[in-house]
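Visitor: I am new to this structure. Could you take me for a close look at one helix pairing and then show me what lies around it?

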Amino acid sequence: MLRGVPLGLTFICLEEFSLTLSLPRLDKPIGTWLLAWPCMWSITLASTPGQLPDFKMAALFGCGALLLRGAGCTVNDLLDRDIDTMVERTKLRPLASGLLTPFQGICFLGFQLLLGLGILLQLNNYSRVLGASSLLLVFSYPLMKRFTFWPQAYLGLTFNWGALLGWSAVKGSLDPAIVFPLYFSGVFWTLVYDTIYAHQDKEDDLKVGVKSTALRFGDSTKEWTTGFGIACISSLALSGYNADIGWPYYAFLAAASGQLAWQIWTVNLTCRADCNRKFLSNKWFGALIFSGILFGRVF
């Protein structure tokens, strides 16, 4: 027991603290991986040929991905708490269930953003402005499902901002020929994995009245995601070519193409468990691309 604090109150405080820590989904790290990989791709692509990437920069972006993903989850839970109560997969989240108040959620969001600011201030001025500009996407993304069937595209614009920011943090500016194809490859990748993910909730989404690419594409989902997958791999190839990267990159890119094709063509879109399994496998797609860039730069 804390000195001077009744035992019952101590338990209540610890329980609220535990519930607050559940807001950033620390028990589900896939979101952090998906946010971190484009950052790592960009940082490694910006490294000097023959040398390893800047480990300090990679560590900063790894921490930043953890914090920003957590902040995004908190914003999402605050704005969607009325919807989450009507969706089977989300109805027990702390804000939706009433176990935490919106004020507690806002306070925790402020704490996360303060820590994120501490990381952002360690970057160059160009990257500070570029990084801060992503907050508009972070805060507005949860609203998109109310207005458009393409919230997954908006998530792609948000989640892959690190493809721009990682390069600028190393170089102090952007090289559009390299970073723009890298950024849009991430957007197309997000359209693949988050459309598959959205098929888990399509029945609930119909009842609630929110939109998604899963509902927009319906039975044509595999054709659409195949197109996005081709666009993703093509953009990655263009970025690597413009960066004059070594041949190992293309060997890993071929392996990543196979992994993405396996996801798209073997997923059972009527099975929530299989959709989730294929969604989780994207951490390996990100790892393959990272390995290709790393070996392509070093050798």
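Guide: Let's begin where H2 passes H17 in a left-handed crossing; a crossing is called left-handed if the near helix is turned anticlockwise from the far one by less than a right angle, and right-handed if clockwise. Helix H2 covers residues 30-45 and helix H17 residues 282-298, and they pack at an angle of about 15° with their axes 9 Å apart. H2 is therefore roughly parallel to H17, the word used for angles under 35 degrees, while angles over 145 are roughly antiparallel, 65 to 115 roughly perpendicular and the rest oblique. On the H2 side the contact is made by residues including Trp33, Trp37, Trp41 and Leu45, and on the H17 side by residues including Phe285, Ile289, Phe290 and Ile293; contact means heavy atoms within 4.5 Å.

Some notes on reading all this: the model is predicted, with local features needing pLDDT of at least 70 and side-chain atom pairs counting only at pLDDT 80 or more, while totals for chains, interfaces and linings use all residues. Residues are numbered from 1 along each chain as its sequence is written, and side-chain values use heavy atoms, leaving out hydrogens and water. Helices (H or I, at least four residues) and strands (E, at least two) are DSSP runs numbered from the N terminus. Axes are lines fitted to C-alpha atoms, for helices over the stretch in contact, with angles from 0 to 180 degrees between N-to-C directions.

Setting aside residues up to four places away in sequence, Phe285 touches Trp41, Trp189, Cys232, Ile233, Leu236, Ala256, Gln259 and Leu260. The largest nonpolar core has 62 residues, and Trp41, Leu45, Phe61, Trp189, Leu236, Phe285 and Ile289 touch the most other members. Such a core is a set of buried Ala, Val, Leu, Ile, Met, Phe, Trp, Tyr and Cys residues joined through side-chain atoms within 4.5 Å; buried means under 20% relative accessible area, exposed over 50%, and partly exposed in between (1.4 Å probe, protein chains only).

Ala46 is buried, with a relative accessible area of 3%. Beyond residues up to four places away in sequence, Ala46 touches Trp167, Val170 and Lys171. Ala46 and Ala243 are 197 residues apart in sequence, yet 8.6 Å apart in space, C-alpha to C-alpha.

Next comes Asp244, in the loop between helix H14 (221-242) and helix H15 (248-266). Asp244 has a positive phi of about 55° although it is not a glycine. Asp244 is exposed, with a relative accessible area of 67%.

Helix H3 (residues 55-79) holds Asn76, which is buried at a relative accessible area of 13%. Leaving aside neighbours within four places in sequence, Asn76 is in contact with Arg25, Arg93, Tyr141, Pro142 and Lys145.

Finally, here is what a record says about the helices. An unreviewed UniProt entry lists "transmembrane region" for spans including residues 153-170, 247-267 and 279-298; UniProt positions follow the numbering used here, feature names are shortened, and annotations may be inferred rather than shown by experiment. In the model, residues 247-267 are 90% helix and 0% strand, with end C-alpha atoms 31 Å apart. Residues 153-170 are 89% helix and 0% strand, and their end C-alpha atoms lie 27 Å apart.
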